[in-house]
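Subject: Structure handover

Hello,

Here is the structure you will be working with. Notes on what was found in it follow below.

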Amino acid sequence: MKRNLPIAAGAALLALSVSACSGASSPAAPAGSAGTADSSQTSPAGFQEQHKGGTLRLQAKSGDGTLDPHINYSNGNWQIFQAMYDGLLAFKKVGGEASYDLVPDLAEAMPQVSPDGRSYTFTLRKGVKFAGGGEVTADDVVASFERIYKVSGPTSGTFYAGIVGAAACVKKPKECTLDKGVVADKAKNTVTINLVEPDSEFPLKLALPHAAVLPKDTPDKDQGTKPIGGTGPYMAVSYDPNKELKLVRNPDFTEWSREAQPQGYPDEIVYSYGLTAEAAVTAVQNGQADWVFDPLPADRLSEIGTKYASQAHVNQLSAFWYLPLNTNLAPFDKPEARQALNWAIDRQAVVKMFGGANVAQPACTLLPPGIPGHADFCDFPQPDLAKAKDLVQQSGTAGQEVAVVVSDDEVSKQIGEYVRSTLEQIGYQAKLKVISTNIHFTYIQNDKNKVQVSVSQWYADYPAASDFLHVLLSCASFRAGSDSSINISGYCDKDIDARMAEAMTLDRTDKNAANAKWGEIDRDLTKASPIIPLFTPKQVDFVSSRVGNYQFHKQFFMLVSQLWVK
Amino acid sequence: MSGVEPIPAVAAPVRPGAGPWRQAATRILRNRSALTAGAGLLLIALVCLLAPVYAGSIAHTDPFVSNISGTTVVGGQEVQVLQQSTEGLGLGVTPIGPTGDPGHYLLGADNQGRDVMARLLYGGRNSLLVGVSSALLCCALATVLGVVAGYFGGWIDAVLSRFFDVIWAFPVYLLAICLSVVLLTSGLHLGPVHIDAGSLALPIVIIALIYVPYVARPLRGQVMALRDKEFLHAAVGLGASDLRIMRREVLPNILPTVVVFLPLMTALNMLTESALSFLSVGVQSPDASWGTIINDGLALLYTRPMITIAAGLFVALTAVALNVFGDGVRDALDPNARLRGGA
């Protein structure tokens with residue numbers, strides 16, 4: 001998932017067990033610096049009645065698009081959806097490592113999986129109600145899955161393409177029916193989902209907002225700014241993407257599982273749009289707002305880390321920033337040229353551009369720490385310009401022109417300028433091309449635009465190696481002439497593809513063996529260098545002094561509904 | 001040059017019998033404000049031209065190469081150019097600030113660890129180059145179009161005047177931004193003219209084009225007024241060709257106006273270049289200009305404001321100097337003008 005924000009984050013005492021490839025570990029934060037060990041922070045046992053109430057005031061530069069959970073694909077709204085909607089399964093709503101654990105949500109228990117791994121049977125909880133509506137039934141579940149295709153949800157052809165009948169639904173969304181794919185048994189109050197092929201990652205996909213269960217009478221079109229009643233503790237009462245999103249308590253909500261969907265603390269959550277990140281930081285400092293969604297301005301980080309250390313929370317993200325190199329275009333069609341740039345890049349320097357060693361960690365691997373399959377290796381540990389120059393000479397590409405295409409956000413521009421300078425140093429004629437952030441991501445994906453090298457980011461949709469390696473570098477992910485070709489490098493190696501398929505199959509039976517295989521694939525891809533990993537970022541959340549009970553969820557970031565403002 | 005009208009002596013007495021250009025030069029030399037501004041301009045230009053000397057022999061730095069992991073010496077101690085915060089949570093990295101030492105980051109470093117002073121001098125070369133070149137190109141184009149439109153009149157004038165109207169109809173910065181955004185993607189390929197995207201020539205051409213009507217319009221009016229003068233009728237009567245009349249009779253009469261426009265347009269064009277570069281649609285990396293440096297400094301406004309302030313000061317001083325000097329030139333060449341309420 002390409003996130004819409006280059007999240008700047010800072011360091012901490014916390015999860016620095018995650019070590020970077022080069023052995024460069026983030027320095028521990030000074031003793032006494034509060035607001036650091038957040039990932040390990042978990043929710044206090046039970047609901048703290050004395051903290052219930054108040055209005056939580058969130059700030060963002062702009063709204064994050066439609067409020068329809070089957071369509072919206074932005075981290076801003078996914079974070080808010082956690083307090084509004086539920087699926088059959090959920091990532092446990094706690095801070096720390098446990099937040100990647102799956103728990104039953106609208107289902108009573110984890111599904112019964114058939115021996116061939118193709119059928120998942122869920123028994124629905126009784127008594128769960130939609131906001132302003134009736135009780136959740138198996139019909140709602142079936143209708144919700146069909147709606148994913150009827151509204152042409154962004155992941156309908158990928159995450160949920162394996163459901164029986166999905167192929168036809170993707171082709172003809174309006175006529176979608178999943179009578180064999182999602183089968184309801186009203187008498188038993190169960191829903192069975194049948195897959196064409198076993199998919200060990202399917203339960204993870206069921207915990208995403210795109211698989212949220214909505215009332216069966218929800219119209220089969222994007223609801224835009226019109227709130228849809230969900231089952232979560234909050235419901236939206238108004239939404240204007242240019243002004244404000246207002247959530248109030250869902251009067252029909254009763255806590256059924258504290259792990260899956262805990263009751264929220266604030267009475268109201270008001271998300272205001274319009275302030276720049278700079279102004280929003282000042283508002284939080286002055287107590288006029290409680291949190292800033294946008295990346296914190298680089299020149300305010302130092303101030304926040306010193307004067308407001310107790311209000312800053314720093315957490316590792318399952319993401320990485322990287323340079324996609326076009327493997328079908330000179331000079332990077334030559335492996336030596338790609339490896340030359342891999343040797344030339346000083347990752348510590350790039351980390352400085354993101355905000356320093358406490359905000360990001362240099363990355364040598366494509367799989368970030370914390371993602372299954374991540375292996376600790378570093379084949380390009382320190383920059384070696386002499387070796388890089390030799391490789392450029394060997395590749396026969398010295399002196400060629402290279403354009404670095406970056407988006408116009410500050411961090412990307414800085415990294416792009418550094419990459420341009422580095423390419424010049426190793427023997428190319430390099431220039432920087434800055435284009436609007438609005439079009440950059442689609443522009444660099446289309447091979448017709450002949451982008452040689454760019455700067456991009458990838459944030460995990462869910463914790464799985466395939467969400468990085470298979471999505472970013474499999475042959476199937478490359479679509480010639482398309483703006484939606486996430487294999488930006490255009491890399492295709494049939495042998496690697498076969499090994500990835502093998503790893504995904506193995507994952508169903510032997511997770512350790514599968515993870516080991518993913519680690520090997522990661523290493524071979526890193527050697528081939530179709531993409532150059534730069535760093536894994538951290539998230540810095542800056543909250544007002546009145547906010548308490550901060551918890552960082554590894555999948556959906558700060559748990560908004562669990563914040564105390566009273 | 002029979003058509004040059006005598007310039008009445010007003011502001012300063014001049015030697016009787018001197019030619020109009022000599023009289024103008026005399027007036028400028030007696031105008032202290034213009035002289036001071038001119039000297040300031042020369043100084044700025046000279047300092048900018050010496051940028052390679054400053055970078056190579058004094059600062060010992062390449063202002064176009066990133067130096068993120070580099071070090072420098074401050075007060076006898078070696079320090080990082082980009083310094084990681086060590087207090088509190090240790091968030092953020094801040095470039096070194098002004099040291100006051102020309103050999104070691106006199107005005108500090110930018111986000112890439114590059115010497116701000118060296119970049120300001122190199123940037124000044126490009127800002128002045130774009131300002132002067134685009135003013136020259138603009139005035140040259142405007143002179144040709146203004147003379148042709150004013151001299152021939154009729155449908156030629158109608159066509160050219162509508163062309164000016166169309167350009168004039170757009171807000172000038174909006175037009176410049178639109179042209180820049182389009183041309184920065186693919187470059188300019190118009191017949192025999194090929195300018196690569198990212199080339200310095202691109203902002204020069206764009207800025208020159210958008211200001212053509214602003215210069216051509218008054219010139220056209222002046223030429224139309226000249227058409228009824230006796231010396232022009234005499235030239236026609238003597239059988240001079242249109243080209244010869246325009247070149248030998250019309251052009252010399254409007255040249256003082258063009259000369260007056262030059263410094264003023266240079267100032268205006270330089271400001272436009274700075275604005276476009278600030279918006280990332282002017283001078284492109286690896287080149288720098290004062291506008292790009294202001295843009296670079298924006299992200300450090302809170303911690304290292306000197307980057308933006310210094311570049312802004314250079315732009316402001318140069319623009320003021322050009323305008324004061326331009327006013328002096330105008331006063332000298334056309335003492336009757338009251339455009340700015342001056343002499």
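Residues 102-476 of chain A have end C-alpha atoms 28 Å apart, and the span is 27% helix and 20% strand (helices, H or I of at least four residues, and strands, E of at least two, are DSSP runs numbered from the N terminus). UniProt lists this span, in an unreviewed entry, as "domain: Solute-binding protein family"; its positions are given in the numbering used here, feature names are shortened, and annotations may be inferred rather than shown by experiment.

This is a predicted model, in which local features need pLDDT of at least 70 and side-chain atom pairs count only at pLDDT 80 or more, while totals for chains, interfaces and linings use all residues. Residues are numbered from 1 along each chain as its sequence is written, and chains are lettered from A and ligands numbered from 1 in the order in which they are written.

Domains: chain A is assigned domain 1 (66-231) and domain 2 (319-539), with bounds from an automatic or database domain assignment. Their centres, taken over C-alpha atoms, are 33 Å apart. Nine residues of domain 1 of chain A contact nine of domain 2 of chain A (C-beta atoms, placed from the backbone, within 7 Å).

Sheet: an open, mixed sheet of five strands in chain A runs β8-β9-β10-β1-β11 (strands pair if DSSP finds at least two bridges between them). β8 (234-240) and β11 (291-292) of chain A are at the edges with a single partner strand each, so one side of each has no neighbour in the sheet. β1 (residues 55-60) and β10 (residues 268-273) of chain A pair in parallel over six bridges, and A:Ala60 is opposite A:Tyr273 in β10(A).

Regards

Technical notes
Two residues are in contact if their C-beta atoms, placed from the backbone, lie within 7 Å.
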